[in-house]
Amino acid sequence: MKMRIQLVIENESGVTTTAQIAALERRESDDLIGISLDEAKTMTGSVQRALVESQAREAINRASKCPECQVQLRRNGSHRMSYRTPFGRLDLGSPRFYRCRSQTNTRQSFSPLAEWLGDHTSPEWQYLEAQFAALLSYGVSARILGSVLPLQHATSITTWKRDVARVGTRLDEEAHHRLMSAPVLNESGLREAQSIARGRHRWRVRQGLRRTVAAGRVV
Ligand SMILES: [Zn+2]
């Protein structure tokens, strides 16, 4: 038995394209029933690639025209840009465009993908990196995640540590902000502090410390 898995994508203009995701074959002599781990990894990696590449094309198309006068913007070269996800690292073609004269008098250019991709790491991958690093060593985490996900060079230990440090810093800042904005710590709330400090304040500190420690122990 042979099976081909295709992905049909319809873009914003209604045009459909078909991407080949996987070709599976089973013989009578095969022990395997259903799909293997390797096949599942290949399929999710292929779906991710086809989907992100299609999304990137639409993001570039949208940004390639001036939002005010709809003029097609002139290109200023292109380069490659990577995006790291739990389903593989994607290297995407990233053109630059000169901004329209209706928006600026200078010859400024911009990269639509750079603005669209943010910090080049998907939130799902950042979540997994932080979750696993808080519980296990980087090496064990990489082996476990690599056995079920098509990571395909999505990360290195050095990059992983840097990402987790960034998440830890962000959690610290958020915890600090919450503490400073609590009624017990701002000026108008000083009197209230006497009545609620023992309860709410301690609870907030504990929450902040717990999250900080959870992220900080792996840095
Ligand atoms: Zn314009």
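These legends describe several views of one predicted model. Residues are numbered from 1 along each chain as its sequence is written. Because the model is predicted, local features need pLDDT of at least 70 and side-chain atom pairs count only at pLDDT 80 or more, while totals for chains, interfaces and linings use all residues.

**View A. The whole chain and its elements.** The chain contains six helices and five strands, which are DSSP runs numbered from the N terminus (helices: H or I, at least four residues; strands: E, at least two). Read from the N terminus, these elements follow the order β-β-α-β-β-β-α-α-α-α-α. Of the 219 residues in the chain, 15% are buried, a term that requires 20 or more other C-beta atoms within 10 Å of the residue's own, with C-beta atoms placed from the backbone.

**View B. The open sheet.** Three strands, in the order β3-β4-β5, make up an open sheet with antiparallel pairing, where two strands pair if DSSP finds at least two bridges between them. Since β3 (75–85) and β5 (109–110) each have a single partner strand, they stand at the edges, and one side of each is left without a neighbour in the sheet.

**View C. The hairpin of β3 and β4.** With two residues between them, β3 and β4 form a hairpin, and β3 pairs with β4 (residues 88–98) in the antiparallel sense over nine bridges. Histidine 79 stands opposite serine 94 in β4, and arginine 75 has phenylalanine 97 in β4 as its bridge partner.

Definitions and conventions: Buried ≥ 20, exposed ≤ 12 C-beta atoms within 10 Å, placed from the backbone.
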